[in-house]
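Visitor: Please take one part of this model and describe it closely, setting out the conventions on which the description relies.

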Amino acid sequence: MSLTTAEPAGTVPPGPTGSTGRSRRRGAAVEPVPYDFKRPIQLSREHQRILQLGFDAFARQAMTVFTSALRSVCQVSVTRIDQRTYAEYVDSLAGTTYLTLFSTEPVPGQGVLDIPLDAVMSCIDHMLGGPGTGAQPRRPLTEIESGIIKGVVDRLLAEMRYSLTDIVALDPQVTGVEYSPQFAQAAGPADVVVVIRLELRIDDRPHAMTVCLPFNGLHPHLTAAAAPSPVSNRERAQRDRAAELLHREFQDVPVDVAVRFRSTGLDPATLTGLGVGDVLRLAHPASAPLDVTVDDTAFAHATAGAQGPRLAALIVTTPEESA
């Protein structure tokens, strides 16, 4: 059973009265996406975010690998991460391409690194001193060409190991190379895989590059990476000591305290006419306590008094007690 989602609210279908213009102003229409209830999506947004961070780092390192090997300007960026069956992934590839199969220990199964054949030929042309431009042959590589590109693939897999360290201690090792996706038996046709699509630009010419990883084996590691880190007894004791020290130090922090009367309002004429010896009538009632404040915030009340030759204030209530 499948369900096709409708257009989002606010999208106006085109009509003979020019409603297409109004729809375009409100926002571009979103293509409906079929949803198969027999194969629910298990790759959550949090898992996608974790993979995005890991493969963003891989893309940056891959860009360095290609640029240094080809001695030409190269760019690599992640374009999409999604969940597919292995059959769907194979069907999305070109009929002839350069597929590197690699082990994914400790994740069970195999991974696939797909680099289009024209991109591989362009890389080899660059590394042999050629321009790397123009039409490239679409054929299996010779033994010499395979040895040249193998060094680049090995470096890419090493960077993948480094970039995914926070998710899983992956140890990718090349297990085979195929030119036809139909012969690459990395998983069963119905097995769920995670497909990371990247764009490789060599001299500003785009090439689609993909990485395929087994989902079932990767899922526990994604879940563990998304979970909060456990706190050991030692870390918990350190946090408790830090909180106790912070609380104790705050007890001795000096603050400026003011004891004041209630405010009294004056008109501008009276205020500007004040002189030495003038007496003001305060609005503070004689029976009302004074406010004890810190940064204009009253936290207690007091009455005026004296302690020896000094003026003093006796705390009589706090805001909690008066409430």
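Guide: Val294 has Thr297, in strand 11, as its bridge partner. The model is predicted, so local features need pLDDT of at least 70 and side-chain atom pairs count only at pLDDT 80 or more, while totals for chains, interfaces and linings use all residues. Residues are numbered from 1 along each chain as its sequence is written, and side-chain values use heavy atoms, with hydrogens and water left out.

Strand 10 (residues 290-294) and strand 11 (residues 297-307) run antiparallel and are joined by five bridges; strands pair if DSSP finds at least two bridges between them. Strands (E, at least two residues) and helices (H or I, at least four) are DSSP runs, numbered from the N terminus.

This pair belongs to an open sheet of four strands, ordered 9-10-11-12, with antiparallel pairing. Strand 9 (258-260) and strand 12 (310-317) are at its edges; each has a single partner strand, so one side of each lacks a neighbour in the sheet. From one strand to the next, the twist averages 45 degrees, where axes are lines fitted to C-alpha atoms (for helices, over the stretch in contact) and angles run from 0 to 180 degrees between N-to-C directions.

Elsewhere, the axes of helix 2 and helix 4 (residues 117-127) cross at roughly 45 degrees and come within 8 Å. These two helices are therefore oblique to each other, a term for angles that are not under 35 degrees (roughly parallel), over 145 (roughly antiparallel) or 65 to 115 (roughly perpendicular).
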